[in-house]
Amino acid sequence: MSSVIETRDVSKHYGEGDTLVKALDRVSLGIAPGEFTAIVGPSGSGKSTLLQLMGGLDNPTHGQVHLANKDITQMSGRELSDFRRDHIGFIFQAYNLIPVLTAAENCEYIMLLQGVPEAERRERVYAMLERVGLAGREGRFPHQLSGGQQQRVAVARAMVSRPDIILADEPTANLDSQTGSDLLDMMHDLNRNEGMTFVFSTHDPMIMERASRLIRLKDGCIDSESEREA
Amino acid sequence: MMMLKLAFRNILRNRRRTLLTVLSMAGGYLLVSVQLSVTEGSYDQVLDFYTRDTTGHVQVTVDGFVETPTLYKAFRLTGDLQRAIDTVPGVQASAPRIESSALGYGDTRSFPVSVRGVDPEREAALSYLADKVSAGRYLTSEPDGQGYAGVMIGAQVARQLSLDVGEELILVSQGADGSLANDLYRVQGILGQPGDAEERWVVMPLAAAQAFFVLPGEVHRLVILGADYRSAPRLAERIGEVLPGQELSASPWQTVAREFHETMTADKEGGMITLYVIVFLVCIGVLNTVLMSVLERTGEFGVLKAIGTSPARLFWLIVLETLLLAVIACLLGGLVALPINLWFTLQGIALAEPMDISGIVFSHYRGQMSAYVFGFPMLVILIAAALIALMPGIRAARIVPVDAMRTL
């Protein structure tokens with residue numbers, strides 16, 4: 001099966017000489033459509049760095065990242081912005097919603113950048129917020145929502161623009177276990193019912209339990225991979 | 001619309017800081033607007049007075065007379081030409097003048113004088129000449145019972161020649177035909193005080209001047225008053241279109257009094273430096289605020305970029321936020337400036353010592369209410385705001401998402 005995203009010999013090094021740190025070292029992997037993948041490993045193993053490189057938020061020191069059959073490491077800042085807008089959804093550990101926009105506006109923002117007509121934007125936003133259990137809270141600002149609700153808005157924001165893949169960097173790290181579990185169930189449902197591709201960087205066992213594929217990183221290299229029926 | 005909403009809500013995030021920034025910009029706007037109002041009002045008063053008193057708004061002369069006035073560069077002012085000019089749209093009044101010099105004699109002394117021949121009625125309708133009579137009475141076209149043409153003399157002429165109203169003045173000069181010109185006149189009035197611009201003048205009826213200088217039916221200048229000194233160049237163009245032949249030209253006061261105009265313009269431009277200094281000082285403070293606001297939101301810009309906001313859109317967001325601040329500041333400044341400028345325009349500041357210029361008294365510094373007085377400061381503040389936003393905007397646009405988000 002062809003990959004939604006593929007890394008080829010990707011390395012990320014910081015510093016030089018004696019202070020050289022290899023955050024990632026020649027990592028090659030592919031993510032197939034519909035996967036619910038967890039990249040796991042101890043702190044400093046390179047999980048977040050790999051996710052950032054896959055999302056075009058940073059450039060690798062070496063190697064290529066292919067998304068939608070394009071090498072995103074060769075793109076300019078402007079091209080990368082457009083590419084992220086159209087192909088990638090991000091969910092961050094700290095939610096990272098725009099504080100001055102309401103839940104609905106946070107979701108609507110990316111579609112506005114994509115040029116989706118206003119009526120369609122509204123319709124999709126309200127449907128998605130209902131889907132993540134936030135119906136009736138569309139007009140609330142992030143500070144008026146709980147952490148779990150904010151992360152639900154972040155999920156809705158990532159999904160509503162219909163990206164090829166959603167990259168989630170430790171999405172449950174700031175949530176209590178019940179809220180985190182509910183949120184993961186919701187994302188798992190979206191994965192199974194709508195075929196949305198998710199890649200997580202995490203050390204949360206709840207994510208590992210639900211993941212269809214586990215990629216273990218150690219010292220910047222893939223240590224092991226396993227697949228299972230989620 | 002979403003970007004405008006985002007920009008507006010962003011500037012409301014730190015309300016105290018926004019308020020202080022807006023007040024600082026509004027203060028700058030207010031200072032610039034009020035200073036412009038007072039300066040423009042003063043220049044307006046001076047220029048309106050000067051052009052009415054001296055040059056008129058437009059002058060019709062023989063080509064070259066404006067640059068080098070001589071006795072010989074006169075033209076025949078026919079009734080048809082006068083009527084054609086008087087009916088040009090915008091012409092409110094016109095008056096012919098003859099100008100040359102002569103030697104004046106009193107009983108025992110002589111004194112060089114500047115002779116002006118004017119049409120008393122037309123001149124009174126156009127300039128302040130009639131208001132400058134400090135003794136005696138204003139000029140009449142007709143000679144007195146003894147056949148003497150009446151003249152008005154400047155205060156210095158009166159003092160040097162020991163002449164008073166009712167006494168005789170002898171003038172000697174050269175006629176345009178090369179003959180010796182000399183005649184006897186009756187002093188009918190004294191103009192102004194010693195030190196005034198008219199102190200060496202001898203003003204006589206046009207017909208008397210034409211006879212004295214041997215310029216039958218001819219004049220040196222036809223001085224024309226329009227509605228406004230500012231529109232003089234356009235009025236001159238329109239008048240130029242009705243002038244016959246090639247030898248006559250219509251010149252606006254800016255050409256007639258080139259040095260005066262250039263001095264006023266330079267003085268005005270000098271005054272603008274103060275305004276730019278005010279704007280510069282305001283800008284420094286605003287730049288600091290905008291930079292601080294961008295630095296505080298570095299992480300947020302990283303997120304915006306991560307989810308697909310282009311560098312250009314981020315740049316424009318910062319520019320939009322700064323421009324919004326500037327627009328609010330200008331509106332606020334305008335609201336405060338409006339009554340102040342209105343007061344300056346209607347009431348003005350009373351001068352400690354009223355200025356008496358040739359009998360015309362300036363007692364107040366007046367302001368000006370015009371689109372320029374309110375619009376120019378707004379334009380300057382908006383341009384300054386856009387410039388201020390450049391550096392923070394570029395900084396935001398160049399943010400690397402992954403680095404920026406580490407600050408969250």
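In chain B, strand 3 (residues 93–105) pairs with strand 11 in the antiparallel sense over five bridges; strands are DSSP runs of E with at least two residues, helices are runs of H or I with at least four residues, and both are numbered from the N terminus. Two strands pair if DSSP finds at least two bridges between them. The model is predicted: local features need pLDDT of at least 70, side-chain atom pairs count only at pLDDT 80 or more, and totals for chains, interfaces and linings use all residues. Residues are numbered from 1 along each chain as its sequence is written, while chains are lettered from A and ligands numbered from 1 in the order in which they are written.

**Strand 3 of chain B and its partners**

- In strand 11 of chain B, B:Arg221 is the bridge partner of B:Arg97.
- Strand 4 (residues 110–118) of chain B pairs with strand 3 of chain B over nine bridges, in the antiparallel sense, and B:Ser100 stands opposite B:Val115 in strand 4 of chain B.
- Four residues lie between strand 3 and strand 4 of chain B, and the two strands form a hairpin.
- Strand 7 (residues 168–174) of chain B is joined to strand 3 of chain B by three bridges in the antiparallel sense, with B:Ile170 of strand 7 opposite B:Tyr105.

**Helix 7 of chain B**

- Helix 7 (residues 232–240) of chain B has buried residues at B:Ala232, B:Leu235, B:Ala236 and B:Ile239; a residue is buried if 20 or more other C-beta atoms, placed from the backbone, lie within 10 Å of its own.
- These residues are on the same side of helix 7 of chain B because they cover an arc of only 105° around the axis, the arc being that of the directions from the helix axis to the C-beta atoms.
- Among the elements of chain B that cover these buried residues are strand 1 (58–62), helix 3 (79–86) and strand 11 (221–225).

**Where chain A touches chain B**

- In total, 20 residues of chain A are in contact with 17 residues of chain B; contact requires C-beta atoms, placed from the backbone, within 7 Å.
- On the side of chain A that touches chain B, helix 2 (77–87) and helix 3 (103–114) of chain A are the elements that give two or more residues.
- Helix 2 of chain A provides the largest share of that side, six residues.

**Chain A as a whole**

- Chain A contains seven helices and ten strands.
- Of the 230 residues in chain A, 47% are buried.
- The C-alpha trace of chain A spans about 55 × 40 × 35 Å along its principal axes.

Note on methods:
Buried ≥ 20, exposed ≤ 12 C-beta atoms within 10 Å, placed from the backbone. Contact = placed C-beta atoms within 7 Å.
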